[in-house]
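Me: I would like to go through this structure with you. Could we begin with the loops and then move on to the helix packing?

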Amino acid sequence: VRVIHGDKEQSQRNKAIDDFKSGRVSLLVATDVAARGLDVTSIGLVIQADAPRNIDTYTHRIGRTGRAGAGGNAVTFIDGKSMRIASGLVDLLAGADQSESIPSWLWGMAHVSNARLLEEEMQIQAGSMQKNAVESVVNEDFTEQDFRRTAAEGSYGVGKDTAYRTFEEEAYSDSSSIDDGQLGLYDNKTLAGVDTGTNPSSLGESTIRPDHDATIFYRQEPSKQLTRAISGMTGAKIDDTPSKNILNSLRSNQNLKFEYIGLFPFDKISSLIMNTSDRSGSSGMTKILMVAEKPSIAKAIADALSGNRPPRQLRGISRALPEFTTDKFQPVNGSDSNQRSKCLVRVTSVVGHVYSLGFDFDQNDNKGNNNPRDYFSIKVTKKEETTTSKLRVVDHLKALSADSSHLVLWLDCDPEGENIAHEVIAITRSAILSNASADEGESRRIHRAQFSAITPKAIQDSFSTLQEPNANLSRSVDARQELDLRVGVAITRLLTWKCVNIARR
């Protein structure tokens, strides 16, 4: 047996691989360092002790066997934590004309995974004030396991468009009002044909659909264990219509629950597996979204406002940005202290700037080599930061703002912090202002916290004296960034020209 992983020296890894290739050892235990680039034609079996997080890695791992027309086997251990890969596995098997061999429990895991993704998309759309959902279009140029198969054009690769050309309007508009044309797009009742109530619960015609929903569904015969369990707990029989009572009775047995879910196509079971209740347990309560500059500050704010009872920590769309919730706090600025209603505070964060400033070459007629002086006239635009995109910060904030009626900004009290605050406003403003209840009237609902220390007293004092965001201070940062960009790139291009000319001579 040989073992290779990232902590071993390259020479040790090479020696282990040589021993495996030559047949001196017949078993190689490895991490993902062996998932790609390992070409050993005699490998007959690949065992994945833990399932990868994405289907691309899965494909590369099992590709170590069955090479060059040879046969091979691959075994993967999957549990409830592997749901993220289940949908991709179903698509992969369907693309290989193996739909009939997909076990019910795998269909069930794929259904649950896609239901969660659908819930996320609906929350993001609500926070984006989008009236119509994005239609799923399949690109036949890509294989079943390639994410580009169902990705929107311009959402990946070198052609990805990250420009935010309406930033000025959405970040610096009057923070206490909203255009009449935007009202009613999300009224907590309907979204893209979906009856949402407090949370989306049923599917409409134009709602985003899981890609494997179009795959031919083959229902397997239920196992004897499942049949006995259902009969013993409910006395019912399995028929063509899913039962909520049966599903609830299987909660304690995850394997049987997945198998039961997988006995039905997604459109029949989706209404039972989608989360129809408010996970915060605050249905009907006014929700206040607070945004800090980083997760540690968000936790400090939640701790200070929650009193003796620690805040609940939830995981949102972005796994890097936790959400802290508490329902014990002081009334927001402007409210009558004698009429304190119970509200829910949700505290999350960004990770520094959400957007950076860049040249909008897509809007520039001359996309070739520009003269240095041209960089003083090319349009500039805000663009999503690479880290922000990877962490899904924008999606995270949109989803949380979908049903929030107040926004409190806890960014650093300096020009850069004010600029980040207005980046958050640009993302959340439309949803926040559209969620006002009738009794809130024209009260200000976007607030700025001014604080000098991260202590419970400083945070509580700041929360009782909330102020308005300073748009002019934020604009001063935009102006400085634009000057830095134009001057810096123009001078760099000028120096490059001079160096090229010197080299030519």
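**Loops and helix packing**

Reply: Asp97 has a relative accessible area of 73%, so Asp97 counts as exposed, the cut-off being over 50%. The model is a predicted one.

Me: Where does Asp97 lie?

Reply: Asp97 sits in the loop between H3 and H4.

Me: And what is the phi of Asp97?

Reply: The phi of Asp97 is near 60 degrees, which is a positive value in a residue other than glycine. For context, most residues other than glycine have a negative phi.

Me: Which loop holds Arg392, and what is its phi?

Reply: Arg392 belongs to the loop between helix H11 (386–391) and H12. Arg392 is not a glycine, yet it has a positive phi of about 55 degrees.

Me: How accessible is Arg392?

Reply: Arg392 has 26% relative accessibility and therefore counts as partly exposed, a class that lies between 20% and 50%.

Me: Let us turn to H12. How do H12 and H13 cross?

Reply: Helix H12 covers residues 393–401 and helix H13 covers residues 415–434. Their axes come within 9 Å and cross at roughly 25 degrees. H12 is therefore roughly parallel to H13, because angles under 35 degrees fall in that class.

Me: Is the crossing of H12 and H13 left-handed or right-handed?

Reply: The crossing of H12 and H13 is right-handed.

Me: Which residues make that contact?

Reply: On H12 they are Val394, Leu397, Lys398 and Ser401. H13 contributes Val424, Ile427, Thr428, Ala431 and Ile432. By class, the residues of this contact are six nonpolar, two polar and one charged.

Me: What about H6 and H8: at what angle do they pack?

Reply: Helix H6 (residues 224–234) and helix H8 (residues 254–261) pack at about 100 degrees, and their axes are 10 Å apart. H6 is thus roughly perpendicular to H8, because the class runs from 65 to 115 degrees.

Me: Which residues make the contact of H6 with H8?

Reply: H6 supplies Gln225, Leu226, Ala229 and Ile230, while H8 supplies Leu256, Glu259 and Tyr260. The contact of H6 with H8 has five nonpolar residues, one polar and one charged.

Me: Which residues of H8 are buried?

Reply: The buried residues of H8 are Leu256, Phe258, Glu259, Tyr260 and Ile261.

Me: What do those buried residues of H8 pack against?

Reply: They pack against H6 and also against helix H3 (83–95), helix H4 (104–128), helix H7 (244–249) and helix H9 (266–273).

Me: A change of topic: where is Gly6 found, and what does Gly6 touch?

Reply: Gly6 is in the loop between strand S1 (2–4) and helix H1 (10–22). Leaving aside residues up to four places away in sequence, Gly6 touches Arg13, Thr31 and Val33.

Me: How far apart are the C-alpha atoms of Gly6 and Ala34?

Reply: They are separated by 9.9 Å, and the two residues are 28 residues apart along the chain.

Me: Finally, the whole protein. How many helices and strands are there?

Reply: The secondary structure comes to 15 helices and 15 strands. Of the 505 residues of the protein, 41% count as buried.

Methods: Residues are numbered from 1 along each chain as its sequence is written. This is a predicted model: local features need pLDDT of at least 70, side-chain atom pairs count only at pLDDT 80 or more; totals for chains, interfaces and linings use all residues. Side-chain values use heavy atoms; hydrogens and water are left out. Axes are lines fitted to C-alpha atoms, for helices over the stretch in contact, and angles run from 0 to 180 degrees between N-to-C directions. Helices (H or I, at least four residues) and strands (E, at least two) are DSSP runs, numbered from the N terminus. Angles under 35 degrees count as roughly parallel, over 145 as roughly antiparallel, 65 to 115 as roughly perpendicular and the rest as oblique. A crossing is left-handed if the near helix is turned anticlockwise from the far one by less than a right angle, and right-handed if clockwise. Contact means heavy atoms within 4.5 Å. Ala, Val, Leu, Ile, Met, Phe, Trp, Tyr, Cys and Pro count as nonpolar, Asp, Glu, Lys and Arg as charged, and the others, Gly among them, as polar. Buried means under 20% relative accessible area, exposed over 50%, partly exposed in between (1.4 Å probe, protein chains only).
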